[in-house]
Amino acid sequence: MPEAPLLRVSELVKHFPQGGGILAKPKAWLKAVSGVSFDVHRGESFGLVGESGCGKTTIGRMVLRLIEPTSGRIEFDGLDISQLNRGEFGRLRRRMQIIFQDPYSSLDPRMPVEQIVTEPLLAGRRPPRAERRRIAERLLDKVGLRGADLGKYPHEFSGGQRQRIGIARALCVRPELIVADEPVSALDVSIQAQVINLLQDLQQEFGLSYIFISHDLSVVEHVCHRVAVMYLGSIVELAPADEFSRKPRHPYTEGLLAAVPLPDPHCRAAPFAMEGDVPSPIDPPPGCPFHPRCRYVFGRCQAEKPSLAAAAAGHRVACWLNDGRGLS
Amino acid sequence: MSGRLLGIEDLSVSFGTPEGSARAVDRVSFALDRGETLGVVGESGCGKSVTSLSILGLIPSPPGRIDSGRIVFEGRNLLEVSPEDLRRIRGREISMIFQEPMTSLNPVLPIGRQVAEPLRVHRGLSNAQALAQAVEWLERVKLPAARRRLDDYPHQLSGGMRQRVMIAMAMVCRPKLLIADEPTTALDVTIQAQILSLMVGLKEEMGMSLLLITHNLGVVAQMASRVVVMYAGQVVEEAPVADLFDRPFHPYTQGLLRSMPRRRGRCAGRTRRLTEIPGIVPAITETFTGCRFTARCPHAFHRCREEAPGLFGIRRGQQARCWLREFPERRDARA
């Protein structure tokens, strides 16, 4: 019997109203997330990948209750977070933190670093100033900044250093789960490696779980234990990280992987370009959401939406082609 | 049809800042042949975009200033031609596409008219003729339902579609050189693949040269025949693409290649660490006595701090700005 998951997301749905007004009914609904389920275990990095608009960020925000789901359940350590009152959720909320993509807009420019990284403490028992300072020093040391940086303001740091400050702030309350939303996408390649290594070191040291949201398949494959590939609000494939890249079973995953330009001039595969754009989530296609772009499409795909079904150990796919054979 | 199309020679560009003049591009030289794709790679602030903007005279001045150098296009120094001549060259002989198509398209003009405009200005076509050719080009760049979208405004299109419009606009006059500055950085990876294969196709068909500026080493590996690596305003390495990836010489190039997460492939080792380049890129206002990479270099020794290295020849077509060429024993000393 494996350990109970730290986070369990079941049948999560989020529809955003479009148009309308305060009293008028919305003209349409944007179906950002349509029935997503997954578990995240302790100490695990769980990757959510997909292109813009696939719903990966919306899921991250719902897990932290920064936005409310339309329906579905989110259980953290066995507790259904939507059933908790403000106080109870406040206590739970300390155990999950978020790191944002843009290290420029996610830090208050008028706050010195010491205040930024210890701000989450203010929601709790408010330690005295001297202790706050000690905590801040320890945090900066953990993320590779110097104690001398405590009095500086965000504009005095580079993008990579700002991201370290954001990570220190997230670590402040000793969380168990960190939602990292494109944490390295805004950084240069050489700095990206520094931050990825830091996130992995911290995971080892504190036994952290990550929900790692990214559009960069190489980064996700490097960082994560398991990966969920999303398309138009649904998970289309969920697999261990190395299986997802070596034996993709969903045609969308296959196309996504083929689209990544390989950093190898000797291997110039004519990039097999998946045709077309992602359809609008306001009016998603019937049946399988991927069928208009799929090169294996057949009758059933247009009529009926496939659900995530086991294809191999720990590997699930939402595709009518999948009955253990994978892609032909 | 071969031979030199564009030569940048000893180009230096500075910007006035509150802390004094800052040199963004420092004595940069490289050349581009007809029909060739040259990749210019480097991280933010390395001067790659400033270099490309200088070619078309698009550096805002002030605060920017071209201190020295020549930009020779088909035998003419673009830094000396009259503004009218430069306008004629821009868009007709040399076109440019940018990272964010939304900011480089006119938001209040229908896309059909925008694509047709270079044809009216440079080729003197009538509105109807220009529009007819614009439709042709929009279809060639595979804008879905192009004919129906002529009256659409940029905001009505997706990011990928806008980049297609940009490409159509850049191509209508059949330029000899296309400068693409991070053309796919703002796009999703499947759309990036579509745009890249579109660019390859058009380039082959028209025999045009491509100057591709990017931070994405994957894009360079797939597209370029030669690569220039820039760091802190200077060219630090130049090589044919295969040599750059197989036998990079400069420690910065080596660091860049190693710090990239690679697809795991068959070697299934799990918690493999990425190799970091320690430290941060120096500020543009910094002054240097020695090599600009010294502070981050694993092989740095006294010579690197004392004197700035020049570009040394490594092998045919490859050169690097590094003292290790002269003191090879130093590479093993501490690596």
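This is a predicted model: local features need pLDDT of at least 70, side-chain atom pairs count only at pLDDT 80 or more; totals for chains, interfaces and linings use all residues.
Modeller: Residues are numbered from 1 along each chain as its sequence is written, with chains lettered from A and ligands numbered from 1 in the order in which they are written.

Biologist: Happy with that! Why is Leu107(A) called buried?

Modeller: A residue is buried if 20 or more other C-beta atoms lie within 10 Å of its own, exposed if 12 or fewer, and partly exposed in between, with C-beta atoms placed from the backbone. Leu107(A) has 22, so it counts as buried. Leu107(A) sits in the loop between β6 (96–99) and α3 (113–118) of chain A; helices (H or I, at least four residues) and strands (E, at least two) are DSSP runs, numbered from the N terminus.

Biologist: Which residues is Leu107(A) in contact with, leaving aside neighbours within four places in sequence?

Modeller: They are Ile116(A), Pro154(A), Arg162(A), Ile165(A) and Gly166(A). Contact means that the C-beta atoms of two residues, placed from the backbone, lie within 7 Å.

Biologist: Over to chain B. How do you know that the span of helix α5 (residues 127–140) agrees with what it should be?

Modeller: The expected span is 1.5 Å times one less than the number of residues. For the 14 residues of α5 in chain B that should be 20 Å, and the end C-alpha atoms are 20 Å apart, so the two agree.

Biologist: What makes the buried residues of α5(B) line one face?

Modeller: Ala130(B), Ala134(B), Trp137(B) and Leu138(B) are the buried ones. Seen down the helix axis, they fall within an arc of 100 degrees, so they line one face of α5(B); the arc is that of the directions from the axis to the C-beta atoms. In general, an α-helix has 3.6 residues a turn, so residues three or four places apart point the same way. The buried residues of α5(B) pack against α4 (111–123), α6 (146–149) and α7 of chain B.

Biologist: And what of Val115(B)?

Modeller: Among its contacts beyond four places in sequence are Ala134(B), Trp137(B) and Leu138(B). Val115(B) is also one of the residues touching the most other members of the largest nonpolar core, which has 185 residues. Such a core is a set of buried Ala, Val, Leu, Ile, Met, Phe, Trp, Tyr and Cys residues joined through C-beta atoms within 7 Å.
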